[in-house]
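Colleague: I would like to learn how to read a few features of a protein model. Could we go through them one by one?

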Amino acid sequence: MRSSCEFRYYQKNYIHAATSNLLKFKGGVDAPLQGHIALTGDPTQMRVMWVSGTDDTPVVRYGKDPSLPLTAKGISKTYTKTDMCGPPASFTSFFRNPGYIHDVLLTNLTSSSDYFYSYGSFKIMSEVRKFRTQPITGSDESFSFLVYGDMGITDVPGAHDTAKYMIEEAAKGRSFVFHIGDISYAVGFGYIWEQWHALIEPYATIMPYMVGIGNHEQDHSSGGSKDPSGAPGEGWHPWWGNFGDDSGGECGVPMYYRFHMPDNGNALWWYSYDYGIVHFIMMSTEHDYREGSRQYKWLENDLRQVDRKKTPWVVLGGHRPMYSSQELLDDYIVSLGMQYYLEELFHKYKVDLAFWGHYHTYERTCAVYKHTCQSEGTGTTHIVVGSAGFALDLEGYFKVEWSRFHENDFGYGRVLVANRSALYYEWVRNKDKVVRDKVWLIKPDS
């Protein structure tokens, strides 16, 4: 965490018995840490981000061979406790100086190609890593990606197991991670962001890490003028919702600075990108999505412009689920509100698959529309996969016709986009790596 420290040993009754020598941070404060990469929506680009203690010009050296013949430079930024919307994030005792957050865009890359790269400054560079660029839009090249939400930094079999398995998945060539909100669970305790980034760095530097906002990053009830999302007032608090101060005063600030998603929407709150034959959308369930709202207009326009000849599959992600049968009444009411305001839009534009989190559990529906299972190739399949690590929700389930499988355990989703008419999904349980649920989605007319 870019600072020197010492260990102190105390005996019974808190008697200070010994102090270690001063331990200095390896590489000093300038060491590049917390690396992660992200897609931009352009197959010839890749974004590289990291953190260090220096504002020296950030540099990425890269190329198709380990000699790294090319160089790109970027920008640096940071945030302070005064940028936060409220406590505890704004308190000195809880805030952690994030250092400088560096952002470098690599351009003129070749699609579907491997690149070696290293990031840092003229003082110190990271070890060499490798990523693969995305296929061109409409390419029939099959690929697989990983999906989960609600991670945090919990011990085995939670977040630490998920991270361990992601490293294994990255080694198998998975294309990217789709993290649908509730990221670090810092909720105002700044050091947790440092720990979480260190946890994901081994695989987030190999696979692009695509994120969406959750209630524990965004929701606030004060300081709304500092909310970088541009939400009016004190954020969105519909009368039928349970939207409180769940971010611990962060109101999206750390997320906004630490991640740079495709620039075709509202930063990381809502955006979209094509990857091969799939159009991906990330929305914010923590912002107004009613008809006429800023987000709804963007979402409708984005869906309207999808070229289904190039991207026959449409996959959407958000945090709070539109469909879940778990017996959490307040959140179930929110899901009914989402159905009321969004389900017709999803049905009109034939969203194939929607991933959600928020519930710390796993559930999959049939292809459903208005609580009724639809025939093959119609309706939206909803999957709640908020099972990446934070404390499990152990409540029971309502009896509903549209729920196909549910389990209260830790795990993650894995998706194979096989071709234009077939997509295969499976949920892997952490404690034994057993595939507990799987389904093929088929487009009969493709």
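Colleague: Let us start with two cysteines: are C85 and C251 buried or exposed?

Modeller: Buried means under 20% relative accessible area, exposed over 50%, and partly exposed in between, with a 1.4 Å probe and protein chains only. C85 is buried, and so is C251. As to the source, this is a predicted model, where local features need pLDDT of at least 70 and side-chain atom pairs count only at pLDDT 80 or more, while totals for chains, interfaces and linings use all residues. Residues are numbered from 1 along each chain as its sequence is written, and side-chain values use heavy atoms, with hydrogens and water left out.

Colleague: How many disulfides does the structure hold?

Modeller: A disulfide is a covalent bond between the sulfur atoms of two cysteines. Here a pair of cysteine sulfur atoms within 2.5 Å is taken as one. The structure holds 2 disulfides. One is formed by C85 and C251, with sulfur atoms 2.2 Å apart. That pair links distant parts of the chain, 166 residues apart: C85 is in the loop between β7 (75-77) and β8 (100-106), and C251 is in the loop between α3 (215-218) and α4 (253-258). Helices (H or I, at least four residues) and strands (E, at least two) are DSSP runs, numbered from the N terminus.

Colleague: What is the torsion about the S-S bond of C85 and C251?

Modeller: The torsion is about 85°, so the disulfide of C85 and C251 is right-handed. The other pair is C366 and C373, whose sulfur atoms are 2.1 Å apart. The S-S torsion of C366 and C373 is about -90°, so this disulfide is left-handed. C366 is buried at a relative accessible area of 8%, whereas C373 is partly exposed at 21%. With the bonded cysteines numbered in sequence order, the pairing reads 1-2, 3-4.

Colleague: How many residues does helix α2 have, and where does α2 bend?

Modeller: The expected span of a helix is 1.5 Å times one less than its number of residues. Helix α2 (residues 191-204) has 14 residues and reaches 19 Å from its first C-alpha to its last, close to the 20 Å expected. A bend at a residue is the angle between axes fitted to the seven residues ending there and the seven starting there. α2 bends by about 30° at A198, and a proline, P202, follows within four residues. Of the 14 residues of α2, 10 are buried, so the helix is largely enclosed by the rest of the structure. Among them are W193, W196 and Y203.

Colleague: Which residues are closest to the centre of the largest pocket?

Modeller: On a 1 Å grid over the protein atoms alone, a pocket is an open set of points where a 1.4 Å probe fits, with protein on both sides within 12 Å along at least five of seven lines; lining residues have an atom within 4 Å of a point. A volume is the space filled by probe spheres set on the points. The largest pocket holds about 360 Å³ of space. It is lined by 16 residues, and K350, D352, G377, K443 and D445 are the closest to its centre.

Colleague: What about the second largest pocket: which element gives the most to its lining?

Modeller: That is β10, with 3 residues. The second largest pocket has about 310 Å³ of space and is lined by 19 residues, with D114, R132, G173, R174 and S175 nearest its centre.
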